[in-house]
Amino acid sequence: MLETIRLRVFRGDASGGEEREYPVRTFPGMVVLDAIHQIQGEQDGTLACRWNCKAAKCGSCSAEINGHPALMCKSRVEQFYDAAGLIRVSPLKTFPLIKDLVTDVSWNYRKAQQIPPLTVAADAPRPFRMMQGDVDRIQEFRKCIECFLCQDICHVLRDHGRKDAYFGPRFMIKIASLDMHPMDDLERRPHLMRAAGVGYCNVNKCCQEVCPEHIHITDNGIIPLKERVADEFYDPIRGLLRMLGLGRSRRQPMPEEAFTAPPEPAAERKPSP
Amino acid sequence: MEPFETVERDVLVIGAGGAGLRATIAVREAGLSCAVVCKSLLGKAHTVMAEGGAAAALGNMGEPDNWRVHFRDTMLGGAYLNNPRIVELFAKEAIERVLELEQYGAVFDRTPEGLISQRPFGGHTYRRLNHVGDRTGLELIRTLQDKAVSLQPDVFMEFTVTRLLKDADRVVGALAYNRQSGGFVAFRAKAVVVATGGWGRMYKYTSNSWESTGDGAAMALEAGAELLDMEMVQFHPTGMLWPPGVRGLLVTEAVRGEGGVLRNSQGERFMFRPEYTPERYRGKYAETEEEGAGWLTDKANFRRPPELLPRDEVSRAIYKEVRAGRGSEHGGIYLDVSHRGADYIRRSLPSMYEQFHALGDIDITRQPMEIYPTIHYTMGGIRVDPDTCSTTLPGLYAAGECAGGLHGANRLGGNSLTDILVFGRRAGEAAAIYASSAMQGALDEGPVSAEMDLLLRPLSATSGENPFHLAAELQEAMQQGAMIERTEAGLTACLEKVLQLRERVEHVQVEGSRAYNPGWNAARDLRFTLRISEVIVRCALARKESRGAQWRSDYPGFDPEWGRKNLVARLEGDTLHVETRPLPSMSPELQSIMEEAR
Ligand SMILES: Cc1cc2nc3c(=O)[nH]c(=O)nc-3n(C[C@H](O)[C@H](O)[C@H](O)COP(=O)(O)OP(=O)(O)OC[C@H]3O[C@@H](n4cnc5c(N)ncnc54)[C@H](O)[C@@H]3O)c2cc1C
Ligand code: SF4
Ligand code: SF4
Ligand code: FES
């Protein structure tokens, strides 16, 4: 490993900014977050970033390293610097910039609030009896640390700016984890299709590739959700039955209005540079 | 005077870890308005990092577990300094609180019968840790977060509270700054719950995040509340040691619960040395490696291996092995779980596998880990009433890691995640009852203005010291003087350094504006860590015995006199007083539970 490397970090806020370069001493096992901390402690205490666990468990330190969405605490510097010893670090592009490497991810928290919680039938036996085999699938989704890297890379949000129409991959697997919960009794499909916008996903799997928890977001989450929605809404026989008032879901209907937020403006604040 | 906004709610909850979120749920369920404030984004609090599990005597594993055994284990683990009434409520209510989480949506690992699966942990007689692989804290915080959010409290993320505000004796609010914008906010509330977590950041090697600067305990102390047993700082036996970038990160006790063994450089399983099993645990642990191995598959007929002694004992043993020259390459000990097989390890310890693989270049399914004790948890904290979590100040409640009394001199693993559920709820309920019949207090602008001045001073200084450097000096001093092994001389030198730094903190200077400025934030945090460090060191000096986490090599062993006393710290003006208080008495029922053990 090189003894010193150079970190080129985006500095600025909503009014604009530029990349600035800092020399950094390396040590064995150093991660990009260590380099940022070294800059804060020794060169510029105003450099803003988020972090908490430094162990890839909390999902705070998301950024783009050489243009690639990643957790800074899990990214070893030697895997990122180029022949000239240079690493570029910039904020998530999909969310409005607050300062330096910190973006405004509050949109995600608003989406989370629009997903109805686990809803158990009143007569369900308690405590629950659920087999491991029945919860394996949802436990995979529940590994999500809400780093929002998948939200950052998803082109529906990133390139098309459709935060008004699609909740994004993180919340698709959140809905999946509720929909596939053995005790959940809510009919989630209309909500999934309308408010959450599952139809916007074109299954190109970019989200799955960046997930630090290795969750199979598309394969195990979104694709099965799409199939369930298709069953309900596009199956001609079901459609007929529904028209006759038959074949309704055995689950409780969802009071969808309660979870429909005022529409999001398609582009909120200026996105990060 | 600097401008500030005012926000008024029935109850203010400071902290959105498990304790703060559970309190918030209770306040909202009581129908009161609630502001909940946290320094990070929602869901990132320390609780998210918890790995091994939440202890509650559900008895799902075919063992005769119940709250009485949990009570006794917790008292024994705490070396009898615990408040028995707190432990009683805890052991009883933990069961209901865990089952309630499942109703909220938590998905625990299952037994073959479809119940919540429980794993063994140090100091727990039976398998008692309800878990989700090794990411139990994530499951817990996300569940509570979703539940709380569905009840629509007002969440103030990335706000730091720096002073409690009083109307005469009563706590009626707090001053905070918005980390994103730097703006000031005065919260007015009829009751305030402090749930700010613990404090590990005054030490150099810790499993704690930047948030753990002891703000809540320091603010409560400064407002006039009492702090209990502050010398009791837990050194978790297994922190990562190499490479340097990861030093201090936690290696969950679940590794040992799942069969991981400790070896010194000679390949010896040193925990079997009789001198490492203290008197009160004799006969309860395996005495040969064969017996320990048998326990992995047959819990009914074999005793557990001594690697699962309480944390204080294992940490001390590791420290002594290294000091005796039997340490590993980088000055630690080896922890090896590879004999459990790759599939098993990846399934039951997935995040440990990933952590070592990504950060340490170690494949734990094939290689041993190098570990060394790391600062992990604070048993001491704000002194509270067992039933209501009220402090000595009217209107002020405390719950979770920032409160004291449950764990005594040493916490058992898994007892914190249920602590925050049981007492988070109790604090929230009691605060709601108090707030229902109280009026908003008067807001005195004097202290608000004084606190804003204090906050702004480092920004207006034209020269001065760097807060990051001072913080590093403090960490070095505490790591040297107030670590596992403590002596009069070491502690005294440490105290001198802390007091000197307390003077120097008056002259720190930072650049930039108030908007998202880590240097500026660090300057205020430093005052909290210094305040708490002074309390830790003075209490450690006062307790002239060895008990639990407090190991005074100049006063080895339990002292029966000291075994009857807690230490309480309080401020008078700016002078810290450390005094002893007799332990609270134990009801006859609880006494009989303790005697069953003999
Ligand atoms: C790596 C690790 C693993 C662990 N594993 C286990 C385990 O397996 N089992 C177990 O029982 N325990 C475990 N613990 C301990 C347990 O996680 C903690 O004790 C517990 O989560 C503390 O919860 P809390 O709600 O009291 O505080 P925290 O979760 O620490 O939350 C504190 C909250 O207070 C806020 N706050 C602090 N100061 C301020 C301020 N000035 N202004 C505004 N907000 C503030 C923070 O932002 C945060 O939201 C582990 C701890 C660590 C570090
Ligand atoms: S697969 Fe769907 S959710 Fe994932 S990145 Fe692509 S469009 Fe977005
Ligand atoms: S699904 Fe993966 S990438 Fe997306 S927020 Fe969760 S952990 Fe991050
Ligand atoms: S700091 Fe927690 S994920 Fe990086």
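Because the model is predicted, local features need pLDDT of at least 70 and side-chain atom pairs count only at pLDDT 80 or more, while totals for chains, interfaces and linings use all residues. Residues are numbered from 1 along each chain as its sequence is written, chains are lettered from A and ligands numbered from 1 in the order in which they are written, and side-chain values use heavy atoms, with hydrogens and water left out.

Around ligand 3 (a residue is near a molecule if one of its heavy atoms lies within 4 Å of it) stand A:Cys144, A:Ile145, A:Glu146, A:Cys147, A:Phe148, A:Cys150, A:Arg170, A:Ile173, A:Cys211, A:Pro212 and A:Ile217. By class, this shell holds nine nonpolar, no polar and two charged residues; here Ala, Val, Leu, Ile, Met, Phe, Trp, Tyr, Cys and Pro count as nonpolar, Asp, Glu, Lys and Arg as charged, and the others, Gly among them, as polar. Ligand 2 has 14 residues around it, of which A:Cys154, A:Cys201, A:Asn204, A:Lys205 and A:Cys207 come nearest. Two or more residues of that shell are given by each of helix H5 (155–158), helix H8 (206–210) and helix H9 (217–234) of chain A; helices (H or I, at least four residues) and strands (E, at least two) are DSSP runs, numbered from the N terminus. The shell around ligand 2 divides into nine nonpolar, four polar and one charged residues.

The axes of helix H14 (residues 488–504) and helix H15 (residues 518–542) of chain B come within 10 Å and cross at roughly 155 degrees; axes are lines fitted to C-alpha atoms, for helices over the stretch in contact, and angles run from 0 to 180 degrees between N-to-C directions. H14(B) and H15(B) are therefore roughly antiparallel to each other, the term for angles over 145 degrees. In their contact (heavy atoms within 4.5 Å), residues of H14(B) including B:Leu491, B:Leu495 and B:Val498 meet residues of H15(B), among them B:Leu530, B:Val537 and B:Leu541. The residues of this contact comprise 10 nonpolar, two polar and five charged.

Four strands of chain B form an open antiparallel sheet in the order S15-S10-S19-S20, where two strands pair if DSSP finds at least two bridges between them. Strand S15 (381–382) and strand S20 (575–582) of chain B each have a single partner strand, so one side of each is left without a neighbour in the sheet. Strand S19 (residues 565–572) of chain B pairs with S20(B) over eight bridges, and B:Val568 stands opposite B:Glu579 in S20(B). Helix H5 (residues 215–223) of chain B packs on this sheet, its direction making about 65 degrees with that of S19(B). H15(B) packs on the sheet too, touching S10, S19 and S20 of chain B, with its direction at about 45 degrees to that of S20(B).

A second open sheet in chain B has three strands in the order S3-S5-S4, with antiparallel pairing.

Some backbone details complete the tour. The peptide bond from A:Arg126 to A:Pro127 is cis, with omega near -10 degrees. Another cis peptide bond joins B:Trp242 and B:Pro243, with omega about 0 degrees.

Technical notes
Parallel < 35°, antiparallel > 145°, perpendicular 65-115°, else oblique.
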